[in-house]
Amino acid sequence: MRISELLASVVVDESGRRVGRVRDVRLAKDDLRVVGLVVGDGFLADAAVAWGFADGRARGPWPLERLTAHAVQRITFVPVERVARWDHGEVVLA
Amino acid sequence: MKPSTLFAFTLGTLSAIGGFIDIGDLVADAQVGARFGLRLAWVTVVSVIGIMCFAEMSGRIALKTQRPAFGLARSRIGPRYALAGLVGAFLVTALLVMAELSGVALALELASGFHYLLWVPVAAAFVVVVVWTLPFKLMHRIYGVLGLAMLVYVVAIWKLDPDWSTMWRSTATPAPVPGETWGAYLFFVVVLIGAQMTPYEMFFFSSGAVESRWRPKDLAEMRINVIVGFPLGGLLAIAIQAAAFLVFFDLGVQVDHISQTALPVALALGQVGFLLAIVGIFAATFGATLETLFATGYEIAQYFGWSYGKVQPPARAARFTTATLALLLISAALALTTLDPITVTIVAVVFSAALLPFLFVPVLLTANDRELMGELVNGRLANAVGSLTILFSVAVALAAFPLLVLTRAGVS
Amino acid sequence: MNEHVSARIALLDNQLVDADRRPIGRIDDVELSLENGTLRVDSILIGAQALGERLGGTIGRGMAAVAARLRPRTDPPGPARIDVALIEEFEPLVRLNVPFRELREVAGLERWLARHAIERLPGAGRAD
C-alpha cells in the first residue's frame, strides 16, 4: 500500500460511521512502523496538518491560524491498535 | 563594524540594487511616469516593504536550515499546488528572460547602432560564457557594481531642476490624472507590483545565501543587505518614474521603446549621462537575466529534489544544468520572433503578479515552523507585514487578468 | 509523541541525499507493507513515475506513463524504489548510507544527461 493512498482513506468506526479522513501517518522513529493515524475533517483540515497548526509546530501567522482553528479542534489521534482492517481506501476501526 | 562586514555590506547592497531594477522596472516605471507622473509612487513603497519582508524571511530560512526557501514548499502546500506554481513560474520566467535578453540587446544596439535582434544571440551566448566561467560571487558583484551606473537617474532629477511642490502634489494624489481611467490606473498598480515584487529576487536571495554558506551568525549581514539594498532599488525605481514624468508627461509622449527610458538622462546630463544610463541598463538587464534564469533553475531543482547550483561541477548537477540551458534557449528563440519586448514585459509582469500568493504562502508557513526555525522563527512584525502583503497580493492576483482584458493591457 | 514522527513532515516530499549529502531527488511516495498485522515502511519511491501516480488525473497519468517508458527494460517494473534499510537518518533531510553511484536504479535522467550531454561540454567536470 502506498502512503499517498492511505492519506486519502476514510476512517470509519465499527458501526460504519465516518470518523474522518486520514491526514497524517505517525511513524515510530526506530523501525518506521505505523503507530497511529491523525484523523480529521472540516474546512482546511489537510492544511491544518501540513502547515503545522495541528501539532503546534506553528503558531502563526494569526490569519491562517484562525482559518484552520475549526479543523484543528476536530483532529484526533487514532492509535494503530484500534484499527481492525486496512481496506482499499478505507480504514475500519474496531 | 569590522572591515570584512563593511565589505560584504557594500557588495551585498550593490547586488540588491542590481537585482531590484530589471527590464520590468525600466519599462513599467518609464510608462507610469510618462502617463501618471508620481501618482503611483506609493505602489513602489508597498512593493519594497513586501519584498523586503519576504526576502528577509527566505534569507532567515536559508541561514537556519541551509536550504532555500522553496525547499519546503512541497510538503507545506502539497505537490499539486507546488507544481502549478512551478509551471506558472517557468512560463513567466521564459517570457521575462526573453524580455531581459532583449533589454541587454537593446542596450548594445544603443551603444553600437546595430539592430537589437542581431545582438540577441550574442547576449545569450555571453550569458552562457559568464555563467560557465565566472564564480558565483564574482558574477554577482560585477553586475552589482556596474548597476550603480543607474544612479545617474537620481542625478538627472536634480539636473532637470524640477518644481518640487508639483512633484510632491503628484506623489500625494493616489488617483488617475485627468483623461485617464481608473481601470488604467489600477492596471498599472498591478504592473508595478508584478515588476517590483518579483519572487525571483526572493529565491535568488535565499539560494545565494545557501551557496555562500551563510549561517545563523550572518543574520545581521543578511538583514543589512535587505534593509539597505531593496529601499535603494525602490528609490531608483521612483527616480525613473520621476525622470519620465519631468520629460514626457507635459508633452503627452508615450513610452513604447526601451531607448526612451534613457532619454531623460541624456537630456539632463548629455552624452556622458546617456552612456552611463546604457551601462546601467545593460548591467541591470544582464544581471536580471542571470538571476531569473538561476532562480527558475533552482525552483525546478528544488521541486524535484535535484542537485543544483554553481558551487559544484555542472556534470554533478546535469538535470539542473540542462533545464537552465533549455530555458535560456527557449527565451532566446522567443526574443528572435520579433515579439515586441515591451508588450512581452508587461504581460510577463502581470502573470508574475498573479503568481505571487502561490510563492509567498509556503515561505510564510515555513518561517513559522518552530521545530525547523528554532530561535529564528517569525516574530509578530514579520507575520503581520507578511500576512498583509499576502492579502494585498491575493487582491492583485484576482484583479490582474480582468484588468488586463478590460483595459486591453493599459491602452484604455 | 516524541518517539513518533510525522510521515508528511519527515518523509513524504522531503529531500533525499546520499551518504555524501549529494541531492538525489524527493521522496515522491512511500510504500507500506503489512507483516504479521504490523504496518511499516517498506521502501521509499522516487522519480516522476511515483509522483505521477500520486498526483493522478490526466497530467499525473501522463507523467507516470512517460517516466515508465524512459526506464531501462532491465529494471524491475514500477517506480524506482529504495529499501528502507538504506536510510541513515531522516531529519531534517532523508540521508542514505550509500553513495549515489551505488544506487543504479534511481535518478536515471541525471545519469543519462550527465553522460550524453553535460560531461561532453568543456569544463563541465565529471559526474562521479
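Student: How many helices and strands does the secondary structure of chain C come to?

Tutor: This is a predicted model, and in it the secondary structure of chain C comes to 4 helices and 7 strands. Read from the N terminus, the elements of chain C follow the order β-α-β-β-β-α-α-β-β-β-α. The C-alpha trace of chain C spans about 55 × 35 × 25 Å along its principal axes.

Student: What percentage of the residues in chain C is buried?

Tutor: A residue counts as buried if 20 or more other C-beta atoms lie within 10 Å of its own, and in chain C buried residues make up 38% of the 128 residues. As for its contacts, among those between residues at least 6 apart in sequence, 47% join residues at least 24 apart.

Student: How should I read the side of chain C that touches chain A, and which element supplies the largest share of it?

Tutor: The general idea is that the size of an interface is often given as the accessible area lost when the parts come together. Here we can count residues instead: 19 residues of chain C are in contact with 19 residues of chain A. On the chain C side, β1 (4-6), α1 (7-10), β3 (23-35) and β4 (38-46) each supply at least two residues, and the largest share, 5 residues, comes from β3(C). By type, this side of chain C divides into 10 nonpolar, 3 polar and 6 charged residues.

Student: Which strand of chain A is joined by bridges to β1(C)?

Tutor: Strand β2 (residues 18-28) of chain A is joined to β1(C) by 3 bridges, and the two strands run antiparallel. To find one of these pairings, look for A:Leu27, whose bridge partner in β1(C) is C:Val5.

Student: How do strands pair inside chain A, and do β1(A) and β6(A) run parallel or antiparallel?

Tutor: In a regular strand the side chains alternate between the two faces of the sheet. In chain A, β1(A) and strand β6 (residues 90-93) are joined by 3 bridges and run parallel, with A:Val11 having A:Val91 as its bridge partner in β6(A). Strand β5 (residues 83-87) of chain A, by contrast, runs antiparallel to β6(A), with 4 bridges joining them, and A:Arg85 stands opposite A:Val92 in β6(A). These two strands, β5(A) and β6(A), form a hairpin with 2 residues between them, and A:Gly89 in the turn has a positive phi of about 75°.

Student: Where in chain A is confidence lowest, and where is it highest?

Tutor: Chain A averages a pLDDT of 87, and 100% of its residues score at least 70. Confidence in chain A is lowest in helix α2 (residues 45-50), at a mean of 84, and highest in strand β1 (residues 10-12), at 92.

Student: How many residues of chain C and of chain B does their contact take?

Tutor: The contact takes 28 residues from chain C and 19 residues from chain B. On the chain C side, α1, β2 (15-17), β3, α2 (48-55) and α4 (108-116) each supply at least two residues, and the residues of that side divide into 15 nonpolar, 5 polar and 8 charged.

Student: Why does B:Phe304 count as buried?

Tutor: B:Phe304 lies in helix α12 (residues 263-304) of chain B, and it counts as buried because it has 25 C-beta neighbours inside 10 Å. Not counting residues up to four places away in sequence, B:Phe304 touches C:Gly25 and C:Arg26.

How values were computed
Residues numbered from 1 in each chain as written. Chains lettered and ligands numbered in written order. Predicted model: local features only at pLDDT ≥ 70, side-chain atom pairs only at ≥ 80, totals over all residues. Contact = placed C-beta atoms within 7 Å. Nonpolar A, V, L, I, M, F, W, Y, C, P; charged D, E, K, R; others polar. Pairing = 2+ DSSP bridges. pLDDT = per-residue confidence, 0-100. Buried ≥ 20, exposed ≤ 12 C-beta atoms within 10 Å, placed from the backbone.
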